[in-house]
Amino acid sequence: MGNLFDFINVPMGYIIRFCYSLVPNYLLALLLFALIIKVLLFPLGIKQQKNMVKQAELRPKEAAIRKRYAGRTDRVTQQKMNEEVMKLYQAENYNPMGGCLPLLVQLPIIMSLLTVINNPLKYLCGLSGEVISAISQRVSSLYASSALTLTGVTQSVVDSLEKGRMLSQIDIVTLMHGTNFPLFADLLPSGFSESQLPNFTVFGGHLNLADVPKINPLTWLTLIPVLTFVFSFFSMKLTRKMTYTPNMDDPNTRASMQIMDFTMPLFSVWIAFKVPALIGVYWIYQNILSTLQQFILKKMYPLPVFTEEDYKRIEKEMNSTLRREKKKVRSLHRIDEEDDEEEAEEEKKEEQPAGGSDRGTSKNSIAAQLIGHAELKDESDKNAGKEKGTDKIDKKKSPESKK
């Protein structure tokens, strides 16, 4: 984590130091620390529970949407279904990611706790980097002169001293207790007492929580990873019964939950074998307090319960609302089409005075002229025929023509 995250590490160090000052037993001080962290994060737990209740209230409507697309697994249909579900969430002001914040906050706390525990001289004792470096060098010189008492020190610390490797701050704190403390008094700030050094041993010094649990050899610390698995497993089971889990009817969802019931506790066990036992102890406390918190939140904000009749009623209401919206859309389309036709007719009327009337007038005048000419032609032909016929009759009847 380094100095970059000291804005988290330093306050965490103050809280643990305060807890240890109240209860000078690191096992109990960690329990008090876990309780304080839970109290500080309780508002986030309330927000998560409210978000869960909101999601549970939307369950019948979401089920109606999914039922509408049941049996259609093509990508386009599934995408459309998911879009409708997201529209429902937006309309109801529900954020699917709103419940993830408390889970995201826990990770920095665990990482910061690990840093604070691994660096007790800096974050729990408040010593500067120069003083810590001087103490580390004094440890090496005292071991070389055989002036350092190694009572209660693990074999791994002895091996590190023999090979000249730099010891961790946890190991240095372990060496500074007891008869070795006066050997470092001149390097420590004025008034600094041995009681200010954290003591990671419990049960009369038989267990050192600063050690890392191992399988070989088996020790009492090996129980901590085992208990981590047990409490993590049952905490997840109990918490799931008190919370809302969507899509539990889906076989894939149930299978994923069953896999997580084992993978997450096993992951915590793997971590517990890699870090000091203090982290495993904190994780056990965390699981116990999380289950207790969820029980309290369930009483404060209970989840809604729906019957089959409620599901059918809500599905019927949503389908009727959907039909009304479709009819409204179709009617709006008709209105738009009528408006388009009226606008087209008006445009035609507006265009007619500009050129249509002249063309009509010219067409009418041409037709009239043609009709006039045709009538004149017909009358002349008739008159001509009549005149010829009359001449023939007159010629037949005239005696002079006979002569």
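**Helix crossing and positive phi values in the predicted model**

In this predicted model, the axes of helix H8 (129-144) and helix H10 (residues 169-176) cross at roughly 65 degrees and come within 11 Å of each other. Helices here are DSSP runs of H or I with at least four residues, numbered from the N terminus; axes are lines fitted to C-alpha atoms over the stretch in contact, and angles run from 0 to 180 degrees between N-to-C directions. The crossing of H8 with H10 is left-handed, the near helix being turned anticlockwise from the far one by less than a right angle. H8 contributes Ile132, Ile135, Ser136 and Val139 to the contact, and H10 contributes Gln169, Ile172, Leu175 and Met176, where contact means heavy atoms within 4.5 Å. Six of these residues are nonpolar, two are polar and none is charged.

Most residues other than glycine have a negative phi. Asparagine 93, in the loop between helix H5 (75-91) and helix H6 (101-118), has a positive phi of about 55 degrees.

Residues are numbered from 1 along each chain as its sequence is written, and side-chain values use heavy atoms, with hydrogens and water left out. Local features need pLDDT of at least 70 and side-chain atom pairs count only at pLDDT 80 or more, whereas totals for chains, interfaces and linings use all residues.

Methods:
Helices (H or I, at least four residues) and strands (E, at least two) are DSSP runs, numbered from the N terminus. Ala, Val, Leu, Ile, Met, Phe, Trp, Tyr, Cys and Pro count as nonpolar, Asp, Glu, Lys and Arg as charged, and the others, Gly among them, as polar.
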